[in-house]
Every structure is written in structure tokens, then in C-alpha cells.
Amino acid sequence: MSASQVPPVTSIGTPRITAGFDEYGRLDLIAHQEVHGGFAALSSGELIGLADRIELRGRGGAGFPFARKVRAVLDSCRRQELPPVIVVNATEGEPPSWKDKAVLTRGPHLILDGAALAAAALDAEEIVIGIADDGIGESSITAALSERRMPCPTRIVTVPHRFISGEGGALVRGINGEAHIPPGRKVRSSDNGVMGLPTLLSNAETFSQLAIAARLGPWEYNAVGIPEEPGTVMLTVGGSASNPAVVEAPTGTPLMDVLNMCGADIGPGLLVGGYHGKWITAEAAQTVTISRKGFASVGGTLGAGMLIPIGSKTCPLGEVSQVVQYLAGESAGQCGPCRLGLPDLARAVTLVSLGGNAVENVRQAAGVVKGRGACSHPDGTARFALSALEVFAKDVEAHTNGEGCGKSTKGLLPLPYTAEQGARRLAVDWSRCDGHGLCSAVAPEIIRLDANGFPAFPQTPLPPWLENGARKAVNVCPALALRLTEEATK
């Protein structure tokens, strides 16, 4: 992977974070200062006051108020008589998301400005910038650090490019040299984070927004967007969009303005907030404005700013089942709801996509994992699957009735293993297959039998965690009709 894979970046209205991207491509320190100018240092009280007045919330998905994070870290520092650490979470491990990588590769100094502001205000011991090991943005942020002085020692830490690596606790563990997985219990980084010190951890866009606000001041910053959620947001538009892009837009912008700009065919539904987000109908999308409140009004979530229209040319249930299989494989494997419950959920969703009457199985499996995990992964996965059943109810009925939707699965919902060399798929030599059915008995989570007793399975790359089951199914086929193919995918 390389920086060239980052989608084009554009804006609605006057750009802020993305200012200068069109002119300079990537802003080095001189270009950055020319476009954005300088800013004054802030005390801890001024930092909290600014974050409060602009209603700054984390842009990584949870939307936690930044000022409350700062207060919690300060209280912990005073109580323990320890200095804090600032952590920038730029890992962006969710496959559809590119907004942080866009800033990392093209406007890295804004991220560093925000981290420097917080570090100086809190008299931090260290700044740590967490990035993924996919190589995207590493050279850019390294070059930016070499061009400037930071208020305290600053280092870059790479973590595995996995879905769960960007979870706050997982990132802290990775920085501390432990396994890059959530801690398995609730740990407040504000009390015990990097090296056991109170840690202020927030997303890369959040620090960039802070840097913009420090220059503009609260009044000018709040002049854009809606009063309760002022400013701009960074959005990743993908899926069926003919012109996928990272878009900076003021809050309050109609969702359709963003989708139309990117040439998006919504089809029956739109995923908002990413793979831990929710599906909304095409009708609901017509009424939404870009904001947390706007998405909540139709049962959605802004999350980390991902907008993924499904379009009208792919099988929605095939796409959904492939993602749930991926999410099941991304489990840290340290609690029952993830280790056992998510594979059950994936099997049930896959059966629905293959025409099985397993809707209640999906609801039951989702109910088992909800609210019981050591982190948010089971809840987010269940939310994704259940909202799909609601939005794609017509497709569910068509599949359950045996008619199907008549569409193949195009892979519009991106997954990391579909982009790797050697992705494996199941294939059948129909001249050999006699419909023995042994394959479905060995690997029911992948294969079911159609009305004529012949194997049916998704025509998509297998997630790694299902490959062993697929091999067993291949090995038991008495007619040698079933095989695993290995091919380079785009």
C-alpha cells in the first residue's frame, strides 16, 4: 500500500483542514505556515475553554468531549503527581476509512500543531503518534517531524493494520510493547496509559481541528456549521460512489450534497459511521444533514465519518455477510462474546445471504453478544448486522423465499484481504459435482445446499479464519469437485 491509494480530497465551502491541498499537494512546513499562519501557546485552562466553546469532540468514532478528556488527565496528574503523555491515534484500521490518512499524508503539520498545543498546555512528558504498519503516511509524518521542533520528545509507533488496533486501549498496549489488542477490561488511559502515566489520547482529525481553532479563535471557528456542532467534519465517501473521495464539509450540510458530489448511487441503503455504524434507507438519506444529531434523527451515527452507499448493482446481503465474517475474524479472542459469539453471528448472516431461513438466528446471535464484550467490538458488529436486516428487508425476503436478488456480490465494502495477493475462493467443477452434500456438513458456516442438493456459497474471497473449514470441505468431497483457488485480486 502507498500514499497514492488515498482517495482524492475535496471540500464543500471554504476548506479548513484541507486548505492548500489543491495548491501544494502535500504541505511541508513552509507551505503549512503560508496557508495556516502561526498560533499562540495556550495554558491548560485556555485549552479547556477553547475546546468547550467549540464543542470539540473526538473524531475517531465515539465522539467523547475533548475538554472532558483534558480535565480527566489534569485531575489524574495532580492526584498522582505525574506528568502526562499525549497520544495521537492516526492508525485508522477500519478498511473504508481514509480521512485521517489523507491529513497524515498531505497536512501532517496540522496534526503536529494540535499535539504540540496540548503537550505545551499540559507540560507533557512525551508525544506519541500511533500509525498503522501499512506504510501510508509514515514518510510524511516523519518528514514533518524533521522540519520542526516539538515542545517535548516525540516519537512514532507503528501498530498492525487491523480493525481493533485503533481501539484506544489496544493502541496504548501496543505503545507499551504489549499485544496490540484491547486490554480485556475497562482501563482509563487518563489514569493509567503510556508507561503508566496519565494519557491524553485522541484521534488525528481531533488534533487537527484543535490546531484550526487555536488560530481562528472560538467565534470565527463557530461561524461555520451548526451552533450545537460547529466547524467542519472530514468524511470518507466510498462504496458505489463513482468518484470516491475524502470530503471536508461544514456540519449541517445536506447529506445528498456530499453523495451527489461523489456520484453515489445509494441503491436500497447507505452505511453511515463505518463497520461499527448503522445502515439507513435511501429515503432517510434524503433528509439527513451532516452532524451527529442529523444522523441520530434517522437511527444512524456519524461515527468516524464513513459514508458507504451500497448501490443497485451488488447483493447487499452478500456484502454484509462478507463484512461480518471479516469482523468475526478481527476479534481479539479474549472474551466469549467475541471469540464464540461473533462467529455464530457470521454463520447466521451468511446463511441468510445464501437463502437460509436464519433471520431469527441472526437476531439471537446478536442478542447474545450485545453489551457483554470487554470492548465495543461485539456491540458494533451486532449493530451493523441488525440494521442491515431492517434496511434490506426486501432482499432478506427474496433470499429466504429462494428467489434471491439476482445480483452477485461485487465487494463494494472494502476488506483488507481482498486487496492482497493470493486471496482464496471456493470453486466447484460442476462436471464432477454429484451433490453428495458432505461439504455443507463439514463447513456449514460457508456452504449450504440449494433446493436441488448442490453446494451454494458466496462468490467472494474467503476471510482467513474460514480457510481451514474450506480446506476440510474440499478434502471430504468424494467427487473431487470442490477446490480452493488462489488468485491475485485487485
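**Note on the predicted model**

1. A search of the whole structure, which is a predicted model, finds 20 salt bridges.

2. Asp 52 and Arg 71 meet through their side chains in a salt bridge, with an N to O distance of 2.3 Å. The pair links distant parts of the chain: Asp 52 sits in helix 3 (residues 44-53) and Arg 71 in helix 4 (residues 66-80), 19 residues apart. Asp 52 counts as partly exposed, at 33% relative accessibility. Arg 71 is also partly exposed, with a relative accessible area of 34%.

3. A second salt bridge joins the side chains of Glu 205 and Lys 99, at 2.9 Å from N to O. Here too the pair links distant parts of the chain, with Glu 205 in helix 9 (residues 204-221) and Lys 99 in helix 5 (residues 99-106), 106 residues apart. Both Glu 205 and Lys 99 are buried.

4. Glu 330 and Arg 162 form a salt bridge between their side chains (3.4 Å, N to O). Glu 330 lies in the loop between helix 13 (316-329) and helix 14 (336-353), and Arg 162 in the loop between strand 4 (154-159) and helix 8 (168-175), so the pair ties together parts that are 168 residues apart in sequence. Glu 330 counts as buried because its relative accessibility is 10%, under the cut-off of 20%. Arg 162 is partly exposed, with a relative accessible area of 26%.

5. Salt bridges with shared partners join Arg 59, Lys 99, Asp 100 and Glu 205 into one network. The pair of Glu 205 and Lys 99 from point 3 is a salt bridge between two of its members.

6. On the surface, Leu 438, Val 442 and Val 476 form a nonpolar patch, with about 200 Å² of accessible area together. Leu 438 is located in helix 18 (residues 438-442). The relative accessible area of Leu 438 is 42%, so this residue is partly exposed.

7. As for the overall build, the protein chain has 19 helices and 16 strands. Its radius of gyration is 23 Å, close to the 23 Å that the globule rule gives for 490 residues, so the chain is as compact as a globular protein of that length. The C-alpha trace spans about 75 × 45 × 35 Å along its principal axes.

8. Of the 490 residues, 57% count as buried. Among contacts with a separation of 6 or more, 72% are between residues 24 or more positions apart. The accessible surface of the protein chain comes to about 19,600 Å², and carbon and sulfur atoms hold 49% of it.

How values were computed. Residues are numbered from 1 along each chain as its sequence is written. This is a predicted model: local features need pLDDT of at least 70, side-chain atom pairs count only at pLDDT 80 or more; totals for chains, interfaces and linings use all residues. Side-chain values use heavy atoms; hydrogens and water are left out. Patches are made of residues with over 30% relative accessible area and no salt bridge: like charges are joined within 9 Å, nonpolar side chains (Val, Leu, Ile, Met, Phe, Trp, Tyr) within 5 Å. Accessible areas come from the Shrake-Rupley method with a 1.4 Å probe; for residues, only the protein chains shown count as cover. A salt bridge is a side-chain nitrogen of Lys or Arg within 4 Å of a carboxyl oxygen of Asp or Glu. Helices (H or I, at least four residues) and strands (E, at least two) are DSSP runs, numbered from the N terminus. Buried means under 20% relative accessible area, exposed over 50%, partly exposed in between (1.4 Å probe, protein chains only). The radius of gyration is taken over C-alpha atoms; the globule rule is 2.2 Å times the number of residues to the power 0.38. Contact means heavy atoms within 4.5 Å.
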